[in-house]
Amino acid sequence: MNYFKTIVRENVKVCDGIYALKVTHNTEIKAGQFYMLKPKTALLGRPISVCEVEGEIVTFLYAVVGKGTEEFKHLMEGDSIELIGPLGNGFDVEKDYGKVALVGGGIGVAPLLQLSKVLREKNKDAIIDFYGGYREETYLDKEIAKYVNEIKLSTNSGNIGHKGFITEILDLDKYDTVLCCGPEVMMEKVVQMCKNKNVNVYVSMEKHMACGVGACLVCTCKTKYGNKRTCKDGPVFNGLEIEF
């Protein structure tokens, strides 16, 4: 699969170190899929999950953590950017999840916006709650609030919501399924909690990637059925099958 060019529609700062990039790409996209976005000064793209889809506008939420994403933050409306996507397997939104908890940590909350929107479109009466864990500032919680029943937040400082980890206030007795994305240490904790409570759990894995299409094997993750490619076989996996 080759990179193609598209136009930047908007690129705005959401909060300290977090930006929302909107580009044009009119295609079918599943919640939980991602794109490889290529900085002009780099050989390889950066995997960025799809945050929201509105018609032909695709929004990516990204954290500035290195040279590539540092370059992204300087993009302006009308600039061009090279990308590949959509890639990977997203969340199965046709599945009957019962009562759902969406659990996100940091930039991992990004794909949960589109997921919450699609789940609500599929079932107007579904029980869908959002649990978001952050360092200091929260983001996307107001947008996700439009599609869920309840929101629970945590920050390291306690400035907003619970002081501590989001897993400390995650009440699994209320849910049949957890859909999760965030730091691996958080997802490992969530999966273990779900095992203990016999709750279904699906996780969107975050790994370093080179190609994004399953050829290079850089993003391999371990499962009870052997090694899997996060980009091609995932990034969404049954959490009970992942070996952290």
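Glu-56 and Arg-9 form a salt bridge whose closest N and O atoms are 3.6 Å apart; the term denotes a side-chain nitrogen of Lys or Arg within 4 Å of a carboxyl oxygen of Asp or Glu. This pair links distant parts of the chain, Glu-56 being in the loop between strand 4 and strand 5 and Arg-9 in strand 1, 47 residues apart. Strands (E, at least two residues) and helices (H or I, at least four) are DSSP runs numbered from the N terminus.

The model is predicted: local features need pLDDT of at least 70 and side-chain atom pairs pLDDT 80 or more, whereas totals for chains, interfaces and linings use all residues. Residues are numbered from 1 along each chain as its sequence is written, and side-chain values use heavy atoms, with hydrogens and water left out.

## Exercise 1

Locate the two domains and state how far their centres are separated.

Solution. Begin with the bounds: domain 1 covers 2-87 and domain 2 covers 100-204, as given by an automatic or database domain assignment. Next, take the centres over C-alpha atoms; they are separated by 23 Å.

## Exercise 2

Describe the contact and the buried area between domain 1 and domain 2.

Solution. First, consider the contacts: 15 residues of domain 1 touch 10 residues of domain 2, contact meaning heavy atoms within 4.5 Å.

## Exercise 3

Solution. The rule finds 1 salt bridge across the interface of domain 1 and domain 2. In a salt bridge of the model, the side chains of Lys-117 and Glu-52 meet at 2.8 Å, N to O.

## Exercise 4

Determine how many aromatic pairs the whole structure has, and describe the pair of Tyr-35 and Phe-60.

Solution. The search finds 6 aromatic pairs. Rings of Phe, Tyr and Trp (its six-membered ring) pair if their centres lie within 6.5 Å; planes under 30 degrees apart count as stacked, over 60 as edge-to-face and the rest as tilted. Tyr-35 and Phe-60 are edge-to-face, at 5.2 Å centre to centre and 75° between the planes. Tyr-35 lies in strand 3 (residues 34-38) and Phe-60 in strand 5, so the pair ties together parts 25 residues apart in sequence.

## Exercise 5

Examine the backbone at Pro-86, Pro-235 and Leu-140.

Solution. Gly-85 and Pro-86 are joined by a cis peptide bond with omega about 0°, and Pro-86 is found in strand 6 (residues 80-87). A cis peptide bond also joins Gly-234 and Pro-235, with omega about 10°; Pro-235 is in the loop between strand 14 (226-229) and strand 15 (236-238). Leu-140, although not a glycine, has a positive phi of about 70°. Leu-140 lies in the loop between strand 8 (128-134) and helix 3 (141-144).
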